[in-house]
Amino acid sequence: MVGGTFGRRSRPAPHPSMNATISCDRLWRKRLNELSLVWPDFVAGRTTGLHKTRVVSRRIREALPIVGVCAPPAKIRKLNRKLRELTRYLGPIRELDVELGMLEDESKAEGAPGRALEMVRRDIASQRQALRHVLTEHAPISDVKKLIKKLERVGKRGEGRGKKGRGQGAEETYDAQWRAVLAARLMRRAKCLSTAVAEAGPLYAPERIHGVRIATKKLRYALEIAQESGLPRATFLVRILKRQQDRLGRLHDLQSLLKHVREAEAAPGVGSRVNDLTAYADELERECRRLHAGFVERRDELAWCVKEVRQQLAPALTLPSRRQARVTTAPRPVPRGRVRARS
């Protein structure tokens, strides 16, 4: 009854983060700043710098067509190719870095087969050095400052075209345009994840599980943009996808290391180390299957995230700003997985 509102239905105030143009500019600037910050460590050859550069490049690629909705499509494709090339160069190196770290941890354990592990470590280190040499000689990005300036112009071109002499109406048009692009990407990413989960099924098939991991990662990056652009409902979904991505990432790392151990096991001159390598490979195999069983048990979480994106998040992005503000509550509780792993 305070203020004479009794008996009337009050209209919810817009969420403070719903200024779409500011949010779009902010999320773009955040990603470009991250690239500037991690690049020196990457150039210096530091492992953490390489990994962070790869993550940032993926986030920029996901945001590029959204921020550049008003930019020439040919320009967007060209920049995306450049960033994709960088990501693909860094992927194999990052995997070898992780494997070297896992071997180092294993070598510190009591009773670890030191000579056998050292054989695997040397092979992986040699491959890593060769890939780093290729990256140095044929770097996909030679001048990161020049690249960032080009990416900045993409964002400014989109924002400028949305505002140029048009006032509030043009700003709302630009707002609707980039949100529609984000909604379409969310729907496409959700569909890819649903397909990947269905194709993987409950059986232990490393390549198909890897497809689920990649699809999970891409949907998560798209949801991070939705979260930063004013849909807090996306936060819970990002958290679930991050947890699943970590589990599947650990599984992928173990599978990659297992491949190298099996190669060392079959290499000429392995001698007496073969028994230790076989035992270690069997241990890795058991851990892979344990992680896979955990994924199968909780894969319903991924299906639930897909459903939330399709029915709640993506449609909300195409609503007028006043109605978008209502999509801020936490989603319904995620169902616990009921699927049991097959032996």
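This report describes the helices, the nonpolar core and several individual residues of a predicted model.

## Basis of the description

The model is predicted: local features need pLDDT of at least 70, side-chain atom pairs count only at pLDDT 80 or more, and totals for chains, interfaces and linings use all residues. Residues are numbered from 1 along each chain as its sequence is written, and side-chain values use heavy atoms, with hydrogens and water left out.

## Overall architecture

The chain has 11 helices and zero strands. Helices (H or I, at least four residues) and strands (E, at least two) are taken as DSSP runs and numbered from the N terminus. Of the 343 residues, 45% count as buried. Here buried means under 20% relative accessible area, exposed means over 50%, and partly exposed lies in between, with a 1.4 Å probe and protein chains only.

Contact means heavy atoms within 4.5 Å. Among contacts between residues at least 6 apart in sequence, 80% join residues at least 24 apart.

Helix H3 covers residues 73-107, and its 35 residues should span 51 Å at 1.5 Å a residue; the end C-alpha atoms are 51 Å apart, which agrees. The expected span is 1.5 Å times one less than the number of residues. H3 bends by about 30° at glycine 91, and proline 92 follows within four residues. The bend at a residue is the angle between axes fitted to the seven residues ending there and the seven starting there.

The buried residues of H4 are Ala116, Leu117, Met119, Val120, Ile124, Arg128, Arg132 and Leu135.

## The largest nonpolar core

A nonpolar core is a set of buried Ala, Val, Leu, Ile, Met, Phe, Trp, Tyr and Cys residues joined through side-chain atoms within 4.5 Å. The largest one holds 88 residues, of which Leu151, Leu186, Leu193, Val212, Leu223 and Leu257 touch the most other members. Helix H8 (residues 233-265) supplies the largest share of this core, 12 residues.

Leucine 223 illustrates the links within this region. Apart from neighbours within four places in sequence, leucine 223 is in contact with Leu186, Ala234, Leu237, Val238, Leu241, Val309 and Leu313.

## The crossing of H7 and H10

The axes of helix H7 (residues 206-228) and helix H10 (residues 300-317) come within 12 Å and cross at roughly 35°. These axes are lines fitted to C-alpha atoms over the stretch in contact, and angles run from 0 to 180 degrees between N-to-C directions. The crossing is left-handed, a term used if the near helix is turned anticlockwise from the far one by less than a right angle. On the H7 side, Val212, Thr216, Leu219 and Leu223 meet Leu302, Val309 and Leu313 of H10.

Leucine 302 lies in H10 and counts as buried at 0% relative accessibility. Its C-alpha atom is 9.6 Å from that of valine 212, although leucine 302 and valine 212 are 90 residues apart in sequence. Not counting residues up to four places away in sequence, leucine 302 touches Leu193, Val197, Val212, Thr216, Leu241, Gln244 and Phe295.

Phenylalanine 42 is found in helix H1 (residues 20-43) and is buried, with a relative accessible area of 8%. Beyond neighbours within four places in sequence, phenylalanine 42 is in contact with Gly49, Leu50, Thr53, Leu86, Leu90, Arg132 and Leu135.

Threonine 53 belongs to helix H2 (residues 47-67) and is buried, with a relative accessible area of 0%. With neighbours within four places in sequence left aside, the contacts of threonine 53 are Leu35, Val38, Trp39, Phe42, Leu86 and Leu90.

Glycine 155, in helix H5 (residues 144-163), counts as buried at 11% relative accessibility. Glycine 155 touches Trp28 and Val67, residues up to four places away in sequence not being counted.

Threonine 278, in helix H9 (residues 274-297), counts as partly exposed at 24% relative accessibility. Leaving aside neighbours within four places in sequence, threonine 278 is in contact with Arg262 and Glu265.
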